[in-house]
Amino acid sequence: MAYDLYQVLELTQDATEKEIKAAFFRLVRKYTPEDHPEKFKEIRKAYETLRDPKARANYDAMEQSGEAIEQLVVEAREHEEKKNWEEAVRCYKRIVALAPGLDWAWNALGLCYSYQEDYPNANKIFTRLTARAGDVAVYWYNYGWINMDLFNKSEHSGYLSLARKMFEKAHELEPFNSTYPLDIARTYLDSKDYSQALTYVNKAIAINQETNFQDMDAYLVKSMIYIGQGQPERVVSIADEVLAAPGGDLEFYKYAAYRLAAYGYEFYKSRRY
């Protein structure tokens, strides 16, 4: 294929779980969300799929489904890169018609519907997908973010509650993944329940035995919680927490310094601190 999730992570299809994780952390250092937001999203999407054994197996099944599906996937990826969601939807609909058991294709179709803001069809797909493959955390995670999008557009608290439940389900399935408690924390932050938000942020940080690049998202959410609590002076203590966390190295501290400085400057420009 000209474009696939393995290529995004610069790996071959026989990559081990350890190699996938290492590739993710190496690439997010190179392509930070501040400087390369679209590339960062691609990397994270590839990692969240390939790190999950069942989601990865479903994705790999495409390789055994014939040239027609492979060509459709190439076309779909090209349309996705151009944000031509209508054509991407068309391609994925043809794929699932040819191979209805390819859960990864249903997942991609549902996401494309959501990017197209066709939320009724996105909800239908993820309702069926989570019912059929309810043990795959990434499907609950993606469904949760569709509801987060709906909340951000409408500010209807019901969508926020649904998103939280879906992130909680993903966390239940993969308690070792710090992404999910962090997103639960974000839902509490949006509802201004700062105590619960702080509880889940600390859970996300504690999951990793050693400090890694994903932890920076948690520290930045913690900064937002302090701001929400009306305690901006506590944001300065985040740097001390980063330095005290186990397992940090020079590259991580450089990355942390960059992100904290950029975040602090945004506070300064908006006169929040």
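1. In this predicted model, helix α9 passes helix α11 in a left-handed crossing, a crossing being left-handed if the near helix is turned anticlockwise from the far one by less than a right angle, and right-handed if clockwise. The contact, meaning heavy atoms within 4.5 Å, is made on the α9 side by Ala137, Val138, Tyr141, Trp145, Met148 and Phe151, and on the α11 side by Thr179, Tyr180, Asp183, Arg186, Thr187 and Asp190. By class, seven of these residues are nonpolar, two polar and three charged, where Ala, Val, Leu, Ile, Met, Phe, Trp, Tyr, Cys and Pro count as nonpolar, Asp, Glu, Lys and Arg as charged, and the others, Gly among them, as polar.

2. On the conventions, the model is predicted, so that local features need pLDDT of at least 70 and side-chain atom pairs count only at pLDDT 80 or more, while totals for chains, interfaces and linings use all residues. Residues are numbered from 1 along each chain as its sequence is written, and side-chain values use heavy atoms, with hydrogens and water left out.

3. The axes of α9 (residues 137-154) and α11 (residues 179-190) come within 12 Å and cross at roughly 20°; axes are lines fitted to C-alpha atoms, for helices over the stretch in contact, and angles run from 0 to 180 degrees between N-to-C directions. The two helices are therefore roughly parallel to each other, given that angles under 35 degrees count as roughly parallel, over 145 as roughly antiparallel, 65 to 115 as roughly perpendicular and the rest as oblique. Helices (H or I, at least four residues) and strands (E, at least two) are DSSP runs, numbered from the N terminus.

4. Helix α9 also packs against α8, at an angle of about 155° and with the axes 10 Å apart, which makes α8 roughly antiparallel to α9. The contact draws on α8 residues including Tyr119, Phe126 and Leu129, and on α9 residues including Trp140, Ile146 and Lys153; by class it has nine nonpolar, four polar and two charged residues.

5. Within α8, asparagine 123 is partly exposed at 22% relative accessibility, where buried means under 20% relative accessible area, exposed over 50% and partly exposed in between, with a 1.4 Å probe and protein chains only. Leaving aside neighbours within four places in sequence, asparagine 123 is in contact with Tyr143, Ile146 and Leu150. The C-alpha atoms of asparagine 123 and tyrosine 143 are 7.6 Å apart, although the two residues are 20 apart in sequence.

6. The whole structure holds 18 salt bridges, each a side-chain nitrogen of Lys or Arg within 4 Å of a carboxyl oxygen of Asp or Glu. One of them joins lysine 153 to glutamate 117, with the closest N and O atoms 3.0 Å apart; lysine 153 lies in α9 and glutamate 117 in the loop between α7 (103-115) and α8 (119-132), so the pair ties together parts that are 36 residues apart in sequence. Lysine 153 counts as exposed at 52% relative accessibility, and glutamate 117 as partly exposed at 49%.

7. Lysine 45 forms a salt bridge with glutamate 80, the closest N and O atoms being 3.4 Å apart, and this pair links helix α3 to helix α5 across 35 residues. Lysine 45 is partly exposed, with a relative accessible area of 28%, whereas glutamate 80 is buried at 11%. Elsewhere, Glu34, Arg44, Asp217 and Arg259 are linked in a network of salt bridges.
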